[in-house]
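Please examine the fold of the chain shown here, with attention to its sheet and to the packing around it.

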Amino acid sequence: MPKSYGRNERVAAAIRREMADILQHEIKDPRVNRATVTEVSVSPDLRNARIYISFLTDDEEEIKNAMRGLKSAKGFLRSALASRLNLRYMPDLDLRYDKLLTDSMHLDALIARGLHRD
């Protein structure tokens, strides 16, 4: 039997969509201008949302500063999401760095270097 698309999946998708828009259009902190929402998971009781964020850079210091900027804006992000989503309770946001994009950029560079040598 196929798994149904439940409420927490719908909430996660809505949070991902709105968070991406907020990061692109409303955050004024220049440290987070290259942030991308890669995934959102919401707890079954809808009280917690884990938001995975990646950056279009592989500079570790830039990423650390961007994550600090995001964490300092967590209250603003939660408030902005609450105004856009029709939820009884706004989930607590757990912002996490998703290094998958950075790792893939690093692998691409290694492959390109290897091909260039041949």
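The questions and answers below concern a predicted model.

Q: In what order do the elements of the chain run from the N terminus on?
A: The chain holds four helices and three strands. Buried residues make up 33% of its 118 residues. From the N terminus on, the order of the elements is α-β-β-α-α-β-α.

Q: Which strands are the edge strands of the sheet?
A: The sheet is open and formed by three strands, with mixed pairing, in the order S1-S2-S3. An edge strand pairs on one side only. From one strand to the next, the twist averages 25°. The edge strands are S1 (35-42) and S3 (92-97).

Q: How many bridges join S1 to S2?
A: S1 and S2, the latter spanning residues 48-55, run antiparallel. The number of bridges that join S1 to S2 is seven.

Q: Which residue in the hairpin of S1 and S2 takes a positive phi?
A: The hairpin has five residues between the strands. The positive phi there is near 65°. The residue that takes it is Leu46.

Q: Which residue is the bridge partner of Tyr52 in S3?
A: In S3, the bridge partner of Tyr52 is Arg96.

Q: What is the reach of H2 from its first C-alpha to its last?
A: H2 comprises residues 60-72, which are 13 in number. At 1.5 Å a residue, the expected span is 18 Å. The reach of H2 is close to that expectation, at 18 Å.

Q: Why are the buried residues of H2 on the same side of the helix, and what arc do they cover?
A: The buried residues of H2 are Ile63, Ala66, Met67, Gly69 and Leu70. They lie on the same side of H2 because the arc they cover around the axis is only 160°.

Q: At about what angle does H2 run to S3?
A: At the start of H2, a side-chain oxygen of Asp59 comes within 2.9 Å of the backbone nitrogen of Glu61. The helix H2 lies across S2 and S3. Its angle to S3 is about 175°.

Q: Is Asp98 buried or exposed?
A: Asp98 is placed in the loop between S3 and helix H4 (100-117). Its relative accessible area is 16%, and a residue under 20% counts as buried. Asp98 is therefore buried.

Q: With which side chain does the side chain of Asp98 make a polar contact?
A: Leaving aside neighbours within four places in sequence, Asp98 is in contact with Thr38, Tyr52, Ile53 and Ser54. The polar contact of its side chain has a distance of 2.6 Å. The partner is the side chain of Thr38.

Q: What distance separates the C-alpha atoms of Asp98 and Val37?
A: Asp98 and Val37 are 61 residues apart along the chain. Among contacts in the chain between residues at least 6 apart in sequence, 62% join residues at least 24 apart. The C-alpha atoms of Asp98 and Val37 are separated by 8.8 Å.

Terms used
Residues numbered from 1 in each chain as written. Predicted model: local features only at pLDDT ≥ 70, side-chain atom pairs only at ≥ 80, totals over all residues. Heavy atoms only, no water. Helix = DSSP H or I, 4+ residues; strand = E, 2+ residues; numbered from the N terminus. Expected span 1.5 Å × (residues − 1). Buried < 20%, exposed > 50% of the residue type's maximum accessible area, 1.4 Å probe, protein only. Arc of directions from axis to C-beta. Polar contact = N/O pair within 3.5 Å; in protein donor to acceptor, adjacent residues only side chain to side chain. Pairing = 2+ DSSP bridges. Axes fitted to C-alpha atoms, helices over the stretch in contact; angles between N-to-C directions. Contact = heavy atoms within 4.5 Å.
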